[in-house]
Amino acid sequence: MKIEKVKLLDGKTVAITGSKSISNRLLILGKLFGDLKIENLSNSQDTQLLQKALNEDSETVDIHHAGTAMRFLTSFYAIQEGRKTILTGSERMKQRPIKPLVDALRELGAEINYLENEGFPPLEIFGKKIEKNFVKIPANISSQFITSLLLIGANLENGLEIELQGEITSRSYIKMTLKILKDIGIETRFEGNLIKILSSDSSLLNQQLDVHFHSSKIKHYTVESDWSSASYFYSLAAIGKKRIHLKSFYAFSLQGDSALKNIYLKFFGVNTISDAAEHLITLVPDVSFKYPEKFILDMNDCPDIAQTVCVTCVALKLPFEISGLGTLKVKETDRLVALQNELEKIGCKTEITENSIKSLEFFELKNDISIATYNDHRMAMSFAPFCLVKELDIQNEDVVEKSYPDFWKDFFEITEGF
């Protein structure tokens with residue numbers, strides 16, 4: 001899709017649907033412990049695929065590109081006593097490692113086989129009762145592996161204790177999971193590198209409560225809008241220097257990507273004004289902001305917004321050096337390689353390692369810039385704000401359906417051509 005150079009309109013409002021991360025956790029918990037009434041559920045393709053999988057009885061379950069669904073369902077099906085499941089996905093999904101999670105489940109007593117390549121989907125899972133309650137798992141892997149185990153912990157007869165070995169990656173996502181578990185009445189403890197989930201009878205979740213997000217033993221859950229999706233509008237505000245209103249966001253969020261409030265304030269001069277009563281935030285750029293000499297940050301706790309930050313830096317010609325990005329190599333694509341390739345198209349040479357990216361030089365742009373998206377929704381959306389600088393051709397623009405189906409509609413409602 002070719003997008004002409006655009007300008008940002010001032011004071012427009014965008015309503016983003018619920019967080020994919022929170023929605024997917026709640027769907028699993030609702031299926032395990034009794035129905036939760038979930039409002040503002042994410043309309044992302046990933047969430048729809050997970051919801052469909054949880055509601056079907058077929059032996060083969062294909063989750064396509066949905067990495068979260070693959071990880072969460074691996075543990076879910078492992079405890080469905082007497083059920084055999086073939087869990088598969090797209091060709092890219094078959095290249096995404098799942099061995100640390102399978103190893104942990106096997107250690108607990110689960111019966112899981114690899115059907116093609118060792119350590120990768122598709123999986124053959126024979127559901128059974130799991131009685132063991134202690135497992136060790138590397139702490140520097142995707143937090144979704146750890147969350148997958150946490151979500152089933154209270155459903156196990158003896159609960160679950162997890163020892164995280166090494167430096168913890170994406171700690172904020174683990175804390176999000178534990179907060180959600182606590183909200184629905186499950187007792188958890190997280191001290192040092194040890195997490196304990198106490199076994200909980202489902203009656204805890206069946207109390208007749210109709211309360212909102214921050215009360216105990218929640219039955220009625222309103223999902224906060226997605227902060228990862230908000231990042232693209234922070235980028236637009238930083239580059240376009242206009243205000244944007246975003247609906248259904250809380251001043252205090254469970255989501256690790258809410259760190260972008262402080263990131264965009266410190267490095268790009270975009271202030272976040274919260275209206276708690278309306279659950280509304282307003283992005284207010286400081287037009288006289290004095291930029292730092294360089295953007296330097298460890299983004300280990302919020303790696304999913306690194307692509308957006310890189311494009312913002314290039315648009316503003318702000319040198320950058322970002323570390324803590326090891327998990328980006330096993331996402332929908334190798335995001336570090338993809339970033340290096342596509343940032344060069346918009347005028348920035350970079351250097352990457354296994355867990356970092358830094359700018360080397362900026363140079364003058366050519367015309368006819370075509371951005372490859374690598375079947376990665378975040379590549380499409382993170383590069384879109386660069387249209388405030390120059391027209392772009394975004395390849396395979398429909399890939400945004402994975403997490404934010406309404407992205408292009410919202411993007412064009414708050415921008416206009418020159």
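First, the ground rules. The model is predicted, so local features need pLDDT of at least 70 and side-chain atom pairs count only at pLDDT 80 or more, while totals for chains, interfaces and linings use all residues. Residues are numbered from 1 along each chain as its sequence is written, and side-chain values use heavy atoms, with hydrogens and water left out.

Let me start with helices α5 and α6. Helix α5 covers residues 143–153 and helix α6 covers residues 171–183; helices here are DSSP runs (H or I, at least four residues), numbered from the N terminus. Their axes lie 9 Å apart, at an angle of about 15°. An axis is a line fitted to C-alpha atoms, for helices over the stretch in contact, and angles run from 0 to 180 degrees between N-to-C directions. That angle makes α5 roughly parallel to α6, a label for angles under 35 degrees.

Which residues of α5 and α6 meet? On the α5 side they are S143, I146, T147, L150 and L151, and on the α6 side Y173, I174, T177, L178 and L181. Contact means heavy atoms within 4.5 Å. By class, this contact has 7 nonpolar, 3 polar and no charged residues. In this scheme Ala, Val, Leu, Ile, Met, Phe, Trp, Tyr, Cys and Pro are nonpolar, Asp, Glu, Lys and Arg are charged, and the others, Gly among them, are polar.

Next come α7 (residues 227–240) and α9 (residues 306–315), whose axes come within 10 Å and cross at roughly 10°. That makes α7 roughly parallel to α9. From α7, S231, Y232, S235, A238 and I239 meet T308, T312 and A315 of α9. The residues of that contact divide into 4 nonpolar, 4 polar and no charged.

The largest pocket holds about 300 Å³. A pocket is an open set of points on a 1 Å grid over the protein atoms alone, with protein on both sides within 12 Å along at least five of seven lines; a cavity is a set where a 1.4 Å probe fits but cannot get out, and lining residues have an atom within 4 Å of a point. Of the 18 residues lining the largest pocket, N140, I141, T169, G326 and T327 lie nearest its centre. Its lining has 7 nonpolar, 8 polar and 3 charged residues.

How many cavities of 30 Å³ or more are there? The count is 2.

Notes. Helix = DSSP H or I, 4+ residues; strand = E, 2+ residues; numbered from the N terminus. Parallel < 35°, antiparallel > 145°, perpendicular 65-115°, else oblique. Points joined across faces, edges and corners; volume = space filled by probe spheres on them.
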